[in-house]
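Here's a quick tour of a few residues worth a look in the viewer. Have the structure open and follow along.

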Amino acid sequence: MTETKRISETSRPSLTLALVPVVLTLFVLGVQIFYFGDFTPHVPLAIGLAITSLVGIKLGFKWKDIEEGIFHVIHISLPSVSVLICVGMIVGVWIASGTVPTLIYYGLTILSPEIFLAAAMVLCAVVSLSLGTSWGTVGTVGLALMGIGAGFDIPMYWTAGAVVSGAFFGDKISPLSDTTNLAPAVTGTDVFSHIKNMLPTTVPSMLIAFVVYLLAGFSFIASDDVSFSKINTITTTLQDNFTISAWLLLPALLVILLAVKRMPPIPSLFAGVIAGGVTAMITQGSGVHDVLTYANSGYSISTGVSEIDSLLNRGGIQSMMWTISLVLIALGFGGALERTGCLETIIASIMSKVKSFKGVQTAAVCTSISTNLVAGDPYLSIALPGRMYAPVYRGMKYSTLNLSRAIEEGGTLISPLIPWNAGGAFVISALGLGIAEGNIENLMYIPLAFACWISPVLGILYAQFGLFSPKASEEELRKWKEMGEDSMDLSKHPAG
């Protein structure tokens, strides 16, 4: 096996050269999305990958080196692609089993329109906390909530904003979540201390979002304005086409139970697929071949009620291929940027401009957000800044818990708010927002996912005033010394 070229000072790109693939890729993305009005970011990102590769070759890298960097990042993120496949199967099978229709039916008959948005956020947060996967929550419970919202005549982007707020916040503080474990791993802290240190931003953000959703519900979604004839049409049509029963919630409860038992996400989700398939055969009269078709190609129904047809004609592995292909290309682009040293150069340039803790903390959050924006990969946006900034925090004698919180919030929470990011692409696809079909107004879910962007803003504000910004404990200092961890004294590095 050939030895991968290491990035040396001579091969590291200058800041100008490092910015070339980033700026050109964003330009091509902008032309595709805003000029042509075509939200298919696949080819622009592939062009960005090619530009980055040319930069790498100019720096002396061989194609084999760049290729290894591309596939290294893709390999690390393959579990997320597996989750996408499982979620695609679950959506198709759970619709066929009556699980999703039952959730919609009970939601329309039990929930009040005024509290729906706030309740949707809380429900998604609880489920995501239990499952440890925001994607699994969005693709299952989130999809059902989109149907309930449609029944209440609530704009799709409001419901999507509440779903995203809850699902990604539950993921952020779940000890079962991969990103929640990744952030402390790359910064040298433990997962439970990491979760505890996120509470000062998590709790206020969720409370603020909860109040905003309540105010929105009571201000423009009054019960008097809701079309109950439409709700009756939807519930009646669901009863006519599916067996509706509380027993049909068992597949969802099984997945939650397995998550509580700390089973890995992929086996837990696949168990939900099997349970949904068996339920479909027993209660809805589906055959074995029907279930296999639903798992692969999705569920199909024609009821004559557009709200139901547009919501339930979805799911299956094939429905995820648009998202999976985008994720793989975005990951490849991020891997090329990392291997050629472009991201390292950009981050090093940022670090040379800051000397205080508040500047470093702000830079860490913004670097995670920028990596999410450019590389399209939430894992890279956590791992790369975590590795790059950790020595700076140690040199300043500040706990790296500050860093793990910064990269979690700039990575996990901002991911679903970037349409070409893996998280954003999944949200758009799983919730049926139809952005690629021209429903650009549904991108309004981005500012309406209040909890996702309020949290990093609070984190930056805390840093400015020294609030909830712990210094390194004696135990941490001793641990760093024993493990020989690197530290960087910014006072010895002149501003560039």
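## Asn372 and its neighbours

Leaving out residues up to four places away in sequence, Asn372 touches Asp377, Pro378, Ser381, Gly410, Gly411, Ile414, Ser415, Ile418 and Asn421. Keep in mind that this is a predicted model. Asn372 itself sits in helix α18, which covers residues 357-375.

So is Asn372 buried or exposed? Its relative accessible area is 0%, and since anything under 20% counts as buried, Asn372 is buried.

## Two loop residues with positive phi

Now for some backbone angles. Most residues other than glycine have a negative phi. Asp153 has a positive one, near 60°. You'll find Asp153 in the loop between α7 (134-151) and α8 (156-172).

Phe468 also has a positive phi, near 50°, and isn't a glycine either. Where is Phe468? Look in the loop between α23 (450-465) and α24 (474-483).

## How accessible are they?

Asp153 comes out at a relative accessible area of 40%, and Phe468 at 46% relative accessibility. Partly exposed covers the range between under 20% (buried) and over 50% (exposed), so Asp153 at 40% counts as partly exposed, and so does Phe468 at 46%.

Conventions
Residues numbered from 1 in each chain as written. Predicted model: local features only at pLDDT ≥ 70, side-chain atom pairs only at ≥ 80, totals over all residues. Heavy atoms only, no water. Helix = DSSP H or I, 4+ residues; strand = E, 2+ residues; numbered from the N terminus. Buried < 20%, exposed > 50% of the residue type's maximum accessible area, 1.4 Å probe, protein only. Contact = heavy atoms within 4.5 Å.
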